[in-house]
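This report goes through one protein model, part by part.

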Amino acid sequence: MADNSTLMSETGRSLLVDSSILDSKITESSKEKIFTASASDGEEEMPQIETRVIVVQEASKCKELLDALEEIKVPYLKAESVEEYRDAESPEFETVFVIADFHAPVCEDLYKADCRVLGPPIVMHCARRGEALPFSCRPLYCASMLNLVLCFTGFRKKEELVKLVTLVHHMGGIIRRDFSSKVTHLVANSTQGDKFRVAVSLGTPIMKAEWIYKSWERRDEIDFCAADEEFKNEFKVPPFQDCMLSFLGFSEEEQKSMEEMTEMQGGQHLPVGDERCTHLIVEENTVKELPFEPSQSLYVVKQEWFWGSIQMDARAGESIYLFEKADSPELKTSVSQLSLSTPNSNRKRRRLRERLLQLTRDTDMSPFPPQTPKLSCMKPSKNSTPLPPKQSARWQVAMELYQTESNYVDILTTIIQVFQVPLEKEGQLGGPILAAEEIKTIFGSIPDILDVHIKIQEDLEDLMINWTESKSIGDVILKYSKDLLKTYPPFVNFFEMSKETITKCEKQKPRFHAFLKINQAKPECGRQSLAELLIRPVQRLPSVALLLNDLKKHTAEDNPDKATLERAIESLKEVMTHINEDKRKTEAQRQIFDVVYEVDGCPANLLSSHRSLIQRLETVALGDDLCDRGEQVTLFLFNDCLEVARKRRKVIGGFKSPHGQNRPPASLKHVVLMPLSQIKKVLDIRETEDCHKAFALVVRPPTEQTNLLFSFQITTEEPPKEDWLKTLCRHLANTICKADAENLIFATDPDSIEVNTKDMDSTLSRASRAIKKTSKRVTRAFSFSKTPKGALRRVLMAHSSSVEGKSVCTTSENYLGGRQASMSSLAGIHSPSLLNLPSAFEKRSHTLSRSTTHLI
């Protein structure tokens, strides 16, 4: 690889010479603010130089630019030609030229004449921030790369490099010829060379040249910044660029997954033995010898190099991951990534290597060494004393309890040290692997659980060293029972969510998948996945309870620890009962939240600590009371109420939960939240040729004297209608404090209540319902008396209050009251626990009092 040498532009200036702080950082110490000397010795003050702006050609037509110049109070002149101003030198004015087209010849002419040249975006940028115009010895168009320090590597064409460097200068960036820790971005055209290696080890973003071109395309956006993470990530050099990989020793499924990952990360995959291959990735646990003699140019590496490159989002160094044959020297001489023994190197090359050596002297060239020493927060074991000559059964069980506790502490320590700590570490190469919220969701209260069990282990260890039969193990458990009760429920309750988060992140984030692959292969993990390790806290307390029961069996009746063990066992049972109950409540609350998210307009007071979701039922409406006949309706049965929701006709967008997770858009629309106490009868409609899987509810709101009938047809095989009706009646009986739940179900014929399901699935019926809905929408769209919903609601509510006192209502008044139910807001009706719905079931002209009176 040829490093960049000093390139000369047509003007004879070096484009790769380090840019000065004055001209590139644009920290304006403008010439208009030239200091005035102190007149302490009676000397006269030096004259102040004023900045004058010449707005050239097209730029003079930009109103925003002229407004910006007026805002920063800089005098300006419009000019079609710069001839009269270019060579004019005035002791009173510092002339600044503003040009819209930096590719025009006039820009090059002004630059050759050592004139200050700015673009409209940088002027407007300064105006927005109340700053003076910047001083730059090069034409400066915008601030897209302000304060960015770039270095280039791998570019062999001088013309391309000159163009890139010029664009960077136009956007306010700084160019460094030699790589140093001050470089913020390395622009690479090759994945070879010293600069690339050091940039990887330092975590410096490595960018494609396209990043500069795309940034220049957005040069007119005042607030655009090329270092924006979302924009920048599109143009990072992928880990396997210029690499052709082959895989040896992997299962068919795993190899296919790795090949797909290779393509995602910018590489290509080839069959084993292909001469074009640059890297052969070997499964070192299954492959003991290569099927062929590799060439000198082929890297034969362990699979950890593959996953490590993906995790750090850059190609890792191969030298420390080379695969070695058993009982043989290395396949290939390990070449240092920073070899300094190149003969005949010129002075520039030596200077670069000396700088790189200095940079990497204290830097690990790969953040993923092949083996990580086992980490443990345990103190050295003290139970190295000789075992008692005669071991009782009680001692053996106690020793088993201590050993399992030590193993459990080791597992928790591994989870934290191998997985959690690296994920939380700041300054990760390639940026954070997971967001802080995701890490918290995955690991939860594991550190708190570890702290408690370290104390339990230490007490058990002291007890076993000084063992006598009278030693009380029950006291150790009782001592920490409150701590166990405090630390375990938060983890166990959200364990399923933790597993779901691991699965989701592993699918969506390749770096996290690679992180798990690397760490799960370490000896301390025992080839277990993170999810398998995290299940141990869920299993630990029941395991301890079993060991304590076994210990109690081998404890004499006169031993003081007998009663203590019984109390310890009871305390553990209380902890587990509390965990189970807390988990049940948490799961119930989560289900209610899911309903609230799924149902658009769902009343907020559905959320209650005493409420739980019992069952969900998919139906279609058989009447026109709650919804249109044939409309899909979902019933959510809670322990004290029934939420009725219909399928939304139009689903719009999704939304973000408070934890930043994208949720799907609500698929249902709230219709009514009905207290179970308002259901007077549950009708089991008999099966006939014209009616299948139908049932009805006789409902009487507290403000009504007549009944309303809501009929439905079940559209799913599960649950069976009989089971659903029994479940509904059981919770209805609990709500109204009745013991005879079966007496709330009444069997009836469909003809007696004028219900049938014959035409629900016919094409003609579906077309008829679609025409009906379309007709309603067209009528609303062409209505000439459209009234705002709020005003209409107030008018209807006022009208309703005026007619409620009447004992006799006309048909039209009944119908108007019925229409109010679907338009008035149920949320405005006050109730201690949920809505009483007095206006949800107003009288209609077709009230079913005639057909339901005999059912009361």
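Cys-691 is buried, at 1% relative accessibility. Cys-505 is likewise counted as buried, with a relative accessibility of 1%. The model discussed here is a predicted one. A disulfide is a covalent bond between the sulfur atoms of two cysteines. With a limit of 2.5 Å between cysteine sulfur atoms, the number of disulfides found is zero.

**The chain as a whole**

The protein chain holds 27 helices and 23 strands. It has 856 residues, of which 45% count as buried. When contacts between residues at least 6 apart in sequence are taken, 67% of them join residues at least 24 apart.

**The sheet of β5 to β8**

Four strands form an open sheet in the order β6-β5-β7-β8, and the pairing is parallel. The edges are taken by β6 (174–175) and β8 (206–207); each has a single partner strand, so one side of each is left without a neighbour in the sheet.

Inside this sheet, β5 (residues 149–153) and β7 (residues 185–188) run parallel and are joined by four bridges.

Helix α7 (residues 194–202) lies across β5, β7 and β8, at about 140 degrees to β7.

**Helix α10**

Helix α10 covers residues 252–264, which is 13 residues. From its first C-alpha to its last it reaches 19 Å, close to the 18 Å expected at 1.5 Å a residue. Which residues of α10 are buried? They are Met-258, Glu-259, Met-261 and Thr-262. These residues cover an arc of only 160 degrees around the axis, which puts them on the same side of α10. On the other side, Glu-252, Glu-253, Lys-256, Glu-263 and Met-264 are exposed.

What do the buried residues of α10 pack against? Their partners are the strands β9 (244–248), β10 (268–269) and β11 (279–282), together with the helices α11 (303–312) and α19 (510–520). Just after the helix comes Gly-266, with a positive phi of about 85 degrees.

**Strand β20 and its partners**

Strand β20 (residues 679–685) has seven residues, five of them buried, so it is largely enclosed by the rest of the structure. It pairs with β21 (residues 694–699) in the antiparallel sense over five bridges. It is also joined to β23 (residues 745–748) by four bridges, and these two strands run parallel. Leu-683 takes part in both pairings: it stands opposite Ala-696 in β21, and its bridge partner in β23 is Phe-746.

| Strands | Direction | Bridges |
|---|---|---|
| β5 and β7 | parallel | four bridges |
| β20 and β21 | antiparallel | five bridges |
| β20 and β23 | parallel | four bridges |

**Two further buried residues**

Thr-619 is placed in strand β14 (residues 613–621). Is Thr-619 buried or exposed? Its relative accessibility is 2%, so it counts as buried. Leaving aside residues up to four places away in sequence, Thr-619 touches Glu-631, Gln-632, Val-633, Leu-635, Phe-695, Phe-712, Gln-713, Ile-714 and Thr-715.

Tyr-402 belongs to helix α13 (residues 393–424). Tyr-402 is buried as well, with a relative accessible area of 4%. How many residues along the chain lie between Tyr-402 and Glu-461, and what separates their C-alpha atoms? The two are 59 residues apart along the chain, and their C-alpha atoms are separated by 6.9 Å.

How values were computed: Residues are numbered from 1 along each chain as its sequence is written. This is a predicted model: local features need pLDDT of at least 70, side-chain atom pairs count only at pLDDT 80 or more; totals for chains, interfaces and linings use all residues. Side-chain values use heavy atoms; hydrogens and water are left out. Two strands pair if DSSP finds at least two bridges between them. Contact means heavy atoms within 4.5 Å. Axes are lines fitted to C-alpha atoms, for helices over the stretch in contact, and angles run from 0 to 180 degrees between N-to-C directions. The expected span of a helix is 1.5 Å times one less than its number of residues. Buried means under 20% relative accessible area, exposed over 50%, partly exposed in between (1.4 Å probe, protein chains only). The arc is that of the directions from the helix axis to the C-beta atoms.
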